[in-house]
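User: Please take one residue and its surroundings, and describe them closely and with care.

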Amino acid sequence: MASDKITINYYTGGRFVEREIDAGTTVGMLRTTEEVGSGASVSVNRTDKADDYVFTTDDYVSFVVSNKTGGNA
């Protein structure tokens, strides 16, 4: 039995790429699959979403890690 799939636009490598995922996938599930830490926020269609958000076809998705450091004070 084949599971239903949807296509999202996933930000990686500096650009959005189409990615097929299972229908019903949540932000939290994708976070686990992609090994993205809980400190990262997720933007879906330019709006922050919680881990219980269920993706829909053609969503634009990016994880944002805000703990980057660098440079001199």
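**A close look at one residue and its sheet**

Lys49 is partly exposed, because its relative accessible area is 31%, and that label covers values between buried, under 20%, and exposed, over 50% (1.4 Å probe, protein chains only). The model is predicted, so local features need pLDDT of at least 70 and side-chain atom pairs pLDDT 80 or more, while totals for chains, interfaces and linings use all residues. Residues are numbered from 1 along each chain as its sequence is written, and side-chain values use heavy atoms, without hydrogens or water.

Lys49 lies in strand S4, where a strand is a DSSP run of E with at least two residues, numbered from the N terminus. Once residues up to four places away in sequence are set aside, Lys49 touches Val27, Val42 and Val44 (heavy atoms within 4.5 Å).

Strand S4 belongs to an open sheet of five strands with mixed pairing, in the order S2-S1-S5-S3-S4 (a pair needs at least two DSSP bridges). Strand S4 (47–49) is an edge strand that pairs on one side only, as is strand S2 (15–22). With direction ignored, neighbouring strands of this sheet are turned by 35° against each other on average.

Strand S1 spans residues 5–12 and includes Tyr11, a residue that is partly exposed, with a relative accessible area of 40%.

Definitions and conventions: Helix = DSSP H or I, 4+ residues; strand = E, 2+ residues; numbered from the N terminus. Axes fitted to C-alpha atoms, helices over the stretch in contact; angles between N-to-C directions.
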